[in-house]
Amino acid sequence: MRRFPVAVSLALFCLMAASAAGLAQCTANGAPANCGAPGSVSMIAGRVVRLQMSAGSTALLAPTPSDFDAGFNATTGPTLTVSANAAWVLHIRASTPTWTGTTTSPGAPAWANKPATDLKWAIASNGIFTALTNSDANLVGGTATASSATTLFFQTAYAWTLDTPGNYSLSIVLTLTSP
C-alpha cells in the first residue's frame with residue numbers, strides 16, 4: 001500500500017518541476033533577503049467609442065407665415081459628444097425617405113409624402129446646410145479624444161401649397177464608427 005502514495009507524490013513533484021521550469025527564479029542570501037524576478041503583463045485594448053446626446057429628440061419650431069414666405073425656419077438641435085480612443089467618424093441619415101404625418105385638421109389631411117430632404121442639417125448655425133437623406137452622410141470626424149462636442153442645427157423647408165396642417169415626425173439615425 002505504500003507504493004501508491006509514493007508514486008502519486010513523485011508524479012506531482014515532476015509536474016510542479018516541469019511547470020516551474022518556464023518561470024523566472026531568483027535566490028537571495030544574506031540580509032536583507034530581497035529577491036527580484038523580472039516579469040511582464042500584456043493586454044489588448046480594442047477600439048472604444050462613445051456617443052452622448054444632450055437630448056434624444058428635438059421639437060422643431062412650428063412655422064410662422066414668415067417662415068412659409070422664406071421657405072424654411074431654423075431650430076437648434078442636440079449637442080453630440082464623442083469620446084474615442086482612435087480616429088472616428090459620426091454619420092447622420094434619416095431612417096426613412098419621408099416624414100410621418102398625422103392629420104390634425106378635418107378636411108386638410110397631413111402631407112403623406114413630405115420628403116426627408118425637407119430637413120437640412122449643419123454643425124454651425126450659419127454653416128452650410130445639407131439635406132437629410134436615408135443614406136449615411138459624414139457629420140463630423142476626429143482623432144482620439146476624451147470629449148469632442150458638436151451642436152447640430154436644423155433647417156426645415158416649408159411650402160404654402162404642400163405643408164398642410166398636421167403633426168410630422170422623422171427619425172434620424174446617428175452612427176459613430178472608428179474605421
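Author: Contact first: it means heavy atoms within 4.5 Å. Next, the ground rules. This is a predicted model, where local features need pLDDT of at least 70, side-chain atom pairs count only at pLDDT 80 or more, and totals for chains, interfaces and linings use all residues. Residues are numbered from 1 along each chain as its sequence is written, and side-chain values use heavy atoms, with hydrogens and water left out.

Reader: What does Gly 101 contact, leaving aside neighbours within four places in sequence?

Author: Gly 101 is in contact with Ala 110, Trp 111, Asn 167 and Tyr 168. The C-alpha atoms of Gly 101 and Trp 111 are separated by 6.1 Å. Those two are 10 residues apart along the chain.

Reader: Which strand is Gly 101 in?

Author: Strand S4. Strands here are DSSP runs (E, at least two residues), and helices are runs of H or I with at least four, numbered from the N terminus.

Reader: Buried, exposed or partly exposed?

Author: Gly 101 is partly exposed, with a relative accessible area of 33%. Buried is under 20%, exposed is over 50%, and partly exposed is in between (1.4 Å probe, protein chains only).

Reader: Switching topic. How many salt bridges?

Author: The structure holds 3. The criterion is a side-chain nitrogen of Lys or Arg within 4 Å of a carboxyl oxygen of Asp or Glu.

Reader: Which residues are linked in a network?

Author: Lys 114, Asp 118 and Asp 163. Lys 114 meets Asp 118 at 2.9 Å, N to O. Lys 114 also meets Asp 163, at 2.6 Å.

Reader: What does Asp 136 pair with?

Author: Arg 93, with the closest N and O atoms 3.5 Å apart. Asp 136 is in the loop between S6 and S7, while Arg 93 is in S3, 43 residues apart. Asp 136 counts as partly exposed at 45%, and Arg 93 does at 25%.

Reader: What's the strand order in the open sheet?

Author: S7-S3-S10, with antiparallel pairing. S7 and S10 each have a single partner strand, so one side of each is left without a neighbour in the sheet. Two strands pair if DSSP finds at least two bridges between them. S3 and S7 are joined by 5. One example: Val 89 has Gly 141 in S7 as its bridge partner.

Reader: Where is Ser 178, and what does its side chain reach?

Author: Ser 178 is in the segment after S10. Its side chain reaches the backbone oxygen of Ala 87 at 2.8 Å. The Ser 178 side chain also makes a polar contact with the side chain of Arg 47, at 3.1 Å. A polar contact is a pair of N or O atoms within 3.5 Å; within protein, one must be able to donate a hydrogen and the other to accept it, and residues adjacent in sequence count only if both atoms are side-chain atoms.

Reader: Last one. What's the mean pLDDT?

Author: The mean is 88, and 87% of residues reach 70 or more. Over residues 1-20 it is below 50. pLDDT is the predictor's confidence in each residue, from 0 to 100. Where it is low, the predicted coordinates should not be read in detail.
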